[in-house]
Amino acid sequence: MRMTQMLVRSGLTVAAAAALPLTLTATEAVAVNTAINVTTSGTTVQVTTTDCATRSNGSMGNASLLSSGQANFAQGRQATLSGTSTSQAAAWSNVTTGTYTVIVVCADGTTAGTQSVTVSPVSSPTISATATATATSSASPSRGVMGGMGGGTKDYGAATYAAGGVLVAAGVGATVWVLRRRAKPHRL
């Protein structure tokens, strides 16, 4: 039984080791094929590349943002690449939620890359009635937050502290009286 388990484990290890180079090769092929980097921030999509370094007629190239129903470069929202010989970029603002394809074509006609991007819905903060009520009061407490003070921000007067002291003293006195009474032997 133990020998069978060892053989099965060894076989799985060998199979995983044999599959690892194939997985790494496939990942490298995808990484080499894409020379653009697409990022999103809210409703803005930005593409950067380093492949369109040469200018032709003052332009480094164009980028196109295609939605799911569009098939070629000319159908998408186009933006001109700008930047330096080391880095070129284009951006689109007010992009609605959805999945898009970004294509970058350099000024010399070569395609720098194609990449898909998903624009997520932007969550806007909601203003509630309690938020507006606190906005009209002072912006910050005068003495900070009194954490662990049990009632936190209210300042009690001397009478309240005196009454609390009397209750604590009465509780200590009652505890002492009960414990002393239990310690005495009962007489019958």
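Q: Which residue of β7 stands opposite G61?
A: C106 of β7 stands opposite G61. The model is predicted: local features need pLDDT of at least 70, side-chain atom pairs count only at pLDDT 80 or more, and totals for chains, interfaces and linings use all residues. Residues are numbered from 1 along each chain as its sequence is written, and side-chain values use heavy atoms, with hydrogens and water left out.

Q: What makes β3 and β7 a pair, and in which sense do they run?
A: Two strands pair if DSSP finds at least two bridges between them. Strand β7 (residues 98-106) is joined to β3 by 6 bridges, and the two run antiparallel.

Q: How many bridges join β3 to β4?
A: There are 4 bridges between β3 and strand β4 (residues 77-80), again with an antiparallel run. In this pairing S64 faces Q78 of β4.

Q: Why is S64 called buried?
A: Buried means under 20% relative accessible area, exposed over 50%, and partly exposed in between, with a 1.4 Å probe and protein chains only. S64 has a relative accessible area of 0%, so S64 is buried. This serine belongs to strand β3 (residues 61-66), where 5 of the 6 residues are buried. For the chain of 188 residues, the buried share is 16%.

Q: What does the side chain of S64 reach?
A: The side chain of S64 reaches the backbone oxygen of F73 at 2.8 Å. A polar contact is a pair of N or O atoms within 3.5 Å; within protein, one must be able to donate a hydrogen and the other to accept it, and residues adjacent in sequence count only if both atoms are side-chain atoms. S64 also has G76 at 5.2 Å, C-alpha to C-alpha, although 12 residues separate them in sequence.

Q: Why does T49 count as buried?
A: T49 has 3% relative accessibility, so T49 counts as buried. T49 sits in strand β2. Its side chain reaches the backbone oxygen of A35 at 2.9 Å and the backbone nitrogen of D51 at 3.2 Å.

Q: Which strands form the open sheet, and in what order?
A: The order is β1-β2-β6-β5, with antiparallel pairing among these 4 strands. β1 (36-41) and β5 (82-83) are the edge strands, since each pairs on one side only. β1 and strand β2 (residues 44-49) share 6 bridges in the antiparallel sense. N37 faces T48 of β2.

Q: What makes up the hairpin of β7 and β8?
A: The two strands have 4 residues between them, and G109 in the turn shows a positive phi of about 95°. β7 pairs with strand β8 (residues 111-119) over 8 bridges in the antiparallel sense. V105 stands opposite T111 of β8.

Q: What is the phi of N94, and where is N94 placed?
A: N94 is not a glycine, yet has a positive phi of about 55°. N94 lies in the loop between β6 (88-92) and β7.

Q: Why is N94 called exposed?
A: The relative accessible area of N94 is 63%, so N94 is exposed.

Q: Why does V176 count as partly exposed?
A: V176 has 44% relative accessibility, so V176 counts as partly exposed. V176 is placed in helix α3.

Q: Which residues make the nonpolar surface patch of about 260 Å²?
A: V168, V172 and V176 make this patch. Patch residues have over 30% relative accessible area and no salt bridge, and are joined within 9 Å for like charges or within 5 Å for nonpolar side chains (Val, Leu, Ile, Met, Phe, Trp, Tyr). A salt bridge is a side-chain nitrogen of Lys or Arg within 4 Å of a carboxyl oxygen of Asp or Glu.

Notes:
Areas by Shrake-Rupley, 256 points an atom, 1.4 Å probe, with all protein chains shown as cover.
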